[in-house]
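I opened my notebook to get to know a new structure. Come along as I look things up.

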Amino acid sequence: RSEAVSRLSGFCAEARVSAKTDVLVRGESAVFDVIKHSSATADLVFIGMRPPNEDETSESYSVYCEWLLKNIEVFPAAALAMAGERVDFNRIFEGR
């Protein structure tokens, strides 16, 4: 956990973002319940987003994306973050 906090703080400093950073450990609770509780007074919540698996279809990944979008509706503002991946989101959400 401390290594992740250090990397996240370094990322924010490098990007010149002034923010309180924390890394949450889920335990037994549902992940979005933990985030919602911990960020109740936050103006903006950054949520990590996984890249598509190498053999994952666009349809399967779009189901994941829709699930993620549905679950972040409870936050006043959320930013989805994916580390350095190139993803063709137009192809994933085509025809939706």
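Here are my entries, from the overall layout down to single residues.

**Layout.** I noted at the start that this is a predicted model. I looked up the secondary structure and found four helices and two strands. Reading from the N terminus, I get the order α-α-β-α-β-α.

**Surface and burial.** I then checked how much of the protein is tucked away: 20% of its 96 residues count as buried. The accessible surface comes to about 7600 Å², and carbon and sulfur atoms hold 50% of that.

**Contacts along the chain.** I took the contacts between residues at least 6 apart in sequence. Of these, 58% join residues at least 24 apart.

**Helix H2.** Which residues of helix H2 are buried? In this helix, spanning residues 31-38, I found Phe-32, Val-34 and Ile-35 to be buried. Looking down the axis of H2, I see its buried residues fall within an arc of 155°, so they line one face of the helix. I also asked what covers them, and the cover includes strand S1 (45-48) and helix H3 (58-71).

**Cysteines.** I looked at Cys-12 and read a relative accessibility of 12%; because the cut-off for buried is under 20%, Cys-12 counts as buried. Cys-65 is buried too, with a relative accessible area of 2%. A disulfide is a covalent bond between the sulfur atoms of two cysteines. I searched the whole structure for disulfides and came back with zero.

Technical notes:
Residues are numbered from 1 along each chain as its sequence is written. This is a predicted model: local features need pLDDT of at least 70, side-chain atom pairs count only at pLDDT 80 or more; totals for chains, interfaces and linings use all residues. Side-chain values use heavy atoms; hydrogens and water are left out. Buried means under 20% relative accessible area, exposed over 50%, partly exposed in between (1.4 Å probe, protein chains only). The arc is that of the directions from the helix axis to the C-beta atoms. Contact means heavy atoms within 4.5 Å. Accessible areas come from the Shrake-Rupley method with a 1.4 Å probe; for residues, only the protein chains shown count as cover. A disulfide is a pair of cysteine sulfur atoms within 2.5 Å.
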